[in-house]
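Subject: Structure handover

Hello,

Here is the structure I said I would pass on. My notes on it follow below.

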Amino acid sequence: MVQVNKTFKERLIDFTFYCRERQFVLGPQETRDAFEIAERGYLLDRKLFQYSLKAIFCKRKEHFDRFDEMFDRFWSRYYEDKLEQRKTALKQPKKDPDTATVIFLGAQFQIPRPPEQKQEAKQTVGANESIRLRMTDFSKVEVTDRERLEELAEELFHQMSMRFKRRLENANKGAIDIRRTVRHGIDKGGLLLDLAHKKKRKEKRKVVFILDVSGSMDTYSYYLLRYVLVLKKYFKSLEFFTFSTQLTHVTPLLRANNEQRILKQIGKEVHSWSSGTKIGESLTEFLSVYGSKFLSQKHIVVILSDGLETGSVVQLREAVRTIRRRCKTLVWLNPLKGMKGYRPIQKGIVNVMPHLDAFESAHNLDSLLKLEKVLMDV
Amino acid sequence: MNKEIDALIKDFYGHDYILSEELATSVFLLKNLEKPLLLEGNPGVGKTVLAKTLAAHLHTHLIRLQCYEGLDVNTTIYEWNYQKQLLHIKLFEQERDKQALGNKIFGMDYVLKRPLLQSISAEKPVVLLIDEIDRADEEFEAYLLELLSDFQISIPELGTIRAVSKPMVVLTSNRTRELSDALRRRCLYHWVDFPSKAKEIDIIAKKLPDIDEQLASQVVTFIHNLRKSSLHKPPGIAESLDWAKTLLLMNAAHITDELVHNTIGSVLKHKDDIEFVRNKKVQEFLVPIP
């Protein structure tokens, strides 16, 4: 056993807070385990200490991927300097350069790295902070808030995914299955002690997402896409299209398991971003090319667009009317709806409104989470 | 690194399993902190083999529980031996002390031990592999919580049965569904990723000592480039080994279009993926990996 001094223990607790702040689910047990490995002397070997903490603190792949970088950022100074020197070093923290994580449709979604001292001082995310970020319009998020928003989105989408699953799963027990009950009774001397129940069929929904990726919609599409990627396994079939001046079928790109790789690839493959919006033309193309395959009375169609049509409004109205007729439910998400004083008076929107089952905003995390209800209730 | 971890890596190597330092640390903690280890990763990256190798390394038994939907207490923990109970009742029908008779037939002698109970009843610690936990229902995860945190199982009629020796528990998951936070909290965690090119060549060379170094390198380059493509099911290490074995059987010196066309079935298991590869030139998949 190694005597671990108080300063180190405090530092280790600081690190636990630091991880917790980044959505790691850590309780007293993990802190206790961390102390134990430190006392066993693993802290003397940086790699061993890092890998041990990684095994204890990480609970899912997303944590696993981020841990090394976090560990380096937090502990490098400890291993470089002596503990006594660390205090003075903290007063003059090095400034890390910003690095981009995902380039999506030409827009860089950077994870900014605020100075370490600031992060250490701010040990917990206040509830107000989270609520503020949830309510902030995606396009108005400050650069300094991006990292927090990313983490918050990841956590909230994960929670929603669990909720979604539970709601989708009907109670396993259906009606009593007489045949299986009798069969189970055979090894109990014919006594019907355990009742067997039939399983209810789990029904998954089919959804088609059509996203506007014209310049002003980049940011909203990015978050909606992330939202959909979390949900993709709960739908029987999920089709994904993007459009601005031309329609692109991006479902084949969703096959990869890595979310970041998917986002990067879509960014690379879709060339029509930031080009103006021809909603009517794109929807007509969707109808003629993919309509027979992806539209039925079992499909939910979700369109994300601000509705600012630069093409023919008549064509748009006809396309939306036809889609509505051929699908189960049509939902239109308009980020502008989240703006104060917004009224749906644009020509495009006025023409499509009568054919919609739901008209929702999707401008911040809160409204995206509310979309869960729309997708479940239909 | 720690001497014990180095020894662990060496011993696993002797059992044909190449451990990275990071994974070795997780296995080391599994042994020392006595906490279950949850391994997640794509199919075919060596999660199950790790548990088997651990059992061989510790010279102990491996008790394996293959999970599937509908798994319940009776098939995983215990079941009453109803025939034996009925027989006992028949034999002692005339017994006056019915209370004693009742107590007798609900004793340990009348319990059929299933894998989880077996693992905590063993005299010497065993390796308990709970394979593909993501295939089981959420209810089953709840059954496991008591075992994973306290190494004990509660049977209503018998009370709590504590572990005679604590098993080394390894859980694997292919991530086809999210596991509950309660289960994750009780485990150490490791994401088993596809290996680096050098490590995969080592694995192939270790398993197939007769293979030509250049062919092994080509196989790994090809497989790594395949993994970068958008496939339904990217090939794992198991598929690399299968393919290398196939090529070795065919006395191939290097990979050609014809060979790929004829043998790609041992690497890819999806029609669209196979067509995708057959429609491309082999050179496209032999681009050196940075």
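The contact between the chains takes 25 residues from chain A and 24 residues from chain B; two residues are in contact if their C-beta atoms, placed from the backbone, lie within 7 Å. This is a predicted model, in which local features need pLDDT of at least 70 and side-chain atom pairs count only at pLDDT 80 or more, while totals for chains, interfaces and linings use all residues. Residues are numbered from 1 along each chain as its sequence is written, with chains lettered from A and ligands numbered from 1 in the order in which they are written.

On the side of chain B that touches chain A, helix H2 (21-33), helix H5 (82-91), helix H9 (181-185) and strand E9 (188-192) of chain B each give two or more residues. Helices (H or I, at least four residues) and strands (E, at least two) are DSSP runs, numbered from the N terminus. H2(B) supplies the largest share of that side, 6 residues.

Chain B also has an open sheet of 5 strands, in the order E2-E5-E8-E1-E9, with parallel pairing; two strands pair if DSSP finds at least two bridges between them. Strand E2 (62-66) and E9 of chain B are the edge strands, each pairing on one side only. Strand E1 (residues 37-41) of chain B pairs with E9(B) over 5 bridges, in the parallel sense. B:Leu37 has B:Leu188 in E9(B) as its bridge partner.

H2(B) lies across E1, strand E8 (168-173) and E9 of chain B, at about 155° to E9(B). Axes are lines fitted to C-alpha atoms, for helices over the stretch in contact, and angles run from 0 to 180 degrees between N-to-C directions.

Regards
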